[in-house]
Amino acid sequence: MRDQSSPSRPSRRGVLFGGAVVAAGTLAAACTSNAEPSDGGTAAQGGTLQGDNDKPGKKVTIGFSAPAADHGWMAAIAKDAEAQAKKYTDVDWKPVEPTNDINQQISAVESLIQAKVNALVILPNDGEQLNQVARKAMDAGIPVINLDRVFPDKLSYRTWLGGDNYGMGVSAGHYIGKKLKDAGTSNPVIVEVQGIATLPLTQERSKGFADTLKTYGFEVTDQQAAEFTVESGNRVTTNLLSAHKKIDALWNHDDDQGVGVLAAITASDRDEFFMVGGAGSANAMREIKKGGVLEATVTYPPTMAGSAVKLARLIAQGKGMADLVELQVPQSITLASETITKANVDTYMPLGFES
């Protein structure tokens, strides 16, 4: 399960990077020093300064707190954050025990505040319930990088970094809409396997999907909610396949539950439709590369955790991003949802996570 309360399309008020590959793989290139370049150019132009900020600088301690890694995407969050931190000799990495208990996470963050870390990266179990302790850190002079699930009070974080749930629906809608339109399909049967229907993230994904399909003159025929698990994905897909003797396209919100979705499709021996996944798991990418019903997946990259560590280090060291005109790290960064297909899957494979 992903973001429970991410800002509604925050890219409208933040900075939108070119996508998951840019954000995860080459954000360092954008996070360049604001020092005056030796060739006399301006710092904002970047150029010869590419990578300067990866050179050792002031020693900083970065604290990290996230929920327990109870599924593939969350496990990748912790792994990517730690791997990024270990690349820097000037970073003292201080993670606390991951937990799905709100009170335990609050206590863990308080311990990092007491330890006087230089920056905090927090992916809260619930943004609203951890808002106060994040504000406490900010008030103590510790910049908070709010990862994915947003704190409602902007005074509780220095920078928010996360994925685009609405954008996931847009990307999936364009892939499905264009393919059906190009094929001349009229009145297509389009089914949707959601995550948990009551969560804002699911509602944003579904809205982006419906809004985009509408631009092609299509609409969702049937929509059923799963629970971000393999078992629920299997059960819901089995129900959809039983309810519709013919399907043209299926969008599954989450590649973790997509393992169950694909199992149900295989068991049904149906292949008259194509499917799009969501999040960008390595499992899904391997299926796409192999060829079959799963043709694409739209990203919600856990590599954002590595980018959050990069930003925490920059902010703690008082550096900015020289590829921007402004001298400081942006207040809000939304990662675009990219569409992975057989044509580009090899490029994205290194960023995939195991379900």
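**Strands, helices and what they cover**

This protein has 12 helices and 13 strands, and the model is a predicted one.

Q: What share of the 355 residues of the protein counts as buried?
A: Being buried here takes a relative accessible area under 20%. Of the 355 residues, the share that passes is 56%.

Q: In the open sheet of six strands, what is the strand order, and which strands are the edges?
A: The sheet is open, with mixed pairing, and its order is β8-β7-β9-β10-β11-β13. Neighbouring strands are turned by 20 degrees against each other on average, ignoring direction. An edge strand pairs on one side only, and that describes β8 (222-225) and β13 (339-341).

Q: Which residue stands opposite Trp-251 in β10?
A: β9 and β10 run parallel and are joined by three bridges. β9 covers 249-252, and β10 covers 274-279. The residue of β10 opposite Trp-251 is Val-276.

Q: How many of the six residues of β10 are buried?
A: In the sheet order, β10 sits between β9 and β11. Helix α9 (residues 255-268) also touches β10. β10 is largely enclosed by the rest of the structure, because its buried count is six of the six.

Q: What angle does helix α7 make with β7, and what angle does α9 make with β10?
A: Helix α7 (residues 200-214) lies across β7, β8 and β9, running at about 165 degrees to β7. Helix α9 packs on the sheet as well, touching β7, β9, β10 and β11 (294-299). For α7 with β7 the angle is about 165 degrees, and for α9 with β10 it is about 160 degrees.

Q: Why do the buried residues of α10 lie on the same side, and what covers them?
A: In α10 (residues 282-290), the buried residues are Ala-282, Ala-284, Met-285 and Ile-288. They cover an arc of only 155 degrees around the axis, which puts them on the same side of α10. An α-helix has 3.6 residues a turn, so residues three or four places apart point the same way. The cover over these buried residues includes α9, β11, β13 and α12 (345-348).

Q: How are α4 and α5 oriented, and what residue types make up their contact?
A: α4 (residues 102-114) and α5 (residues 131-139) pack at about 5 degrees, with axes 10 Å apart. Angles under 35 degrees count as roughly parallel, so α4 is roughly parallel to α5. The contact uses Ile-106, Val-109, Glu-110 and Ile-113 of α4, plus Val-133, Lys-136 and Ala-137 of α5. By type, that gives five nonpolar, no polar and two charged.

Q: Is Gly-162 buried or exposed, and which residues does it contact beyond its sequence neighbours?
A: Gly-162 is found in strand β6 (residues 159-163). At 0% relative accessibility, Gly-162 counts as buried. Leaving aside neighbours within four places in sequence, Gly-162 is in contact with Asp-148, Met-304, Ile-333, Thr-334 and Leu-335.

Conventions:
Residues are numbered from 1 along each chain as its sequence is written. This is a predicted model: local features need pLDDT of at least 70, side-chain atom pairs count only at pLDDT 80 or more; totals for chains, interfaces and linings use all residues. Side-chain values use heavy atoms; hydrogens and water are left out. Two strands pair if DSSP finds at least two bridges between them. Helices (H or I, at least four residues) and strands (E, at least two) are DSSP runs, numbered from the N terminus. Axes are lines fitted to C-alpha atoms, for helices over the stretch in contact, and angles run from 0 to 180 degrees between N-to-C directions. Contact means heavy atoms within 4.5 Å. Buried means under 20% relative accessible area, exposed over 50%, partly exposed in between (1.4 Å probe, protein chains only). The arc is that of the directions from the helix axis to the C-beta atoms. Angles under 35 degrees count as roughly parallel, over 145 as roughly antiparallel, 65 to 115 as roughly perpendicular and the rest as oblique. Ala, Val, Leu, Ile, Met, Phe, Trp, Tyr, Cys and Pro count as nonpolar, Asp, Glu, Lys and Arg as charged, and the others, Gly among them, as polar.
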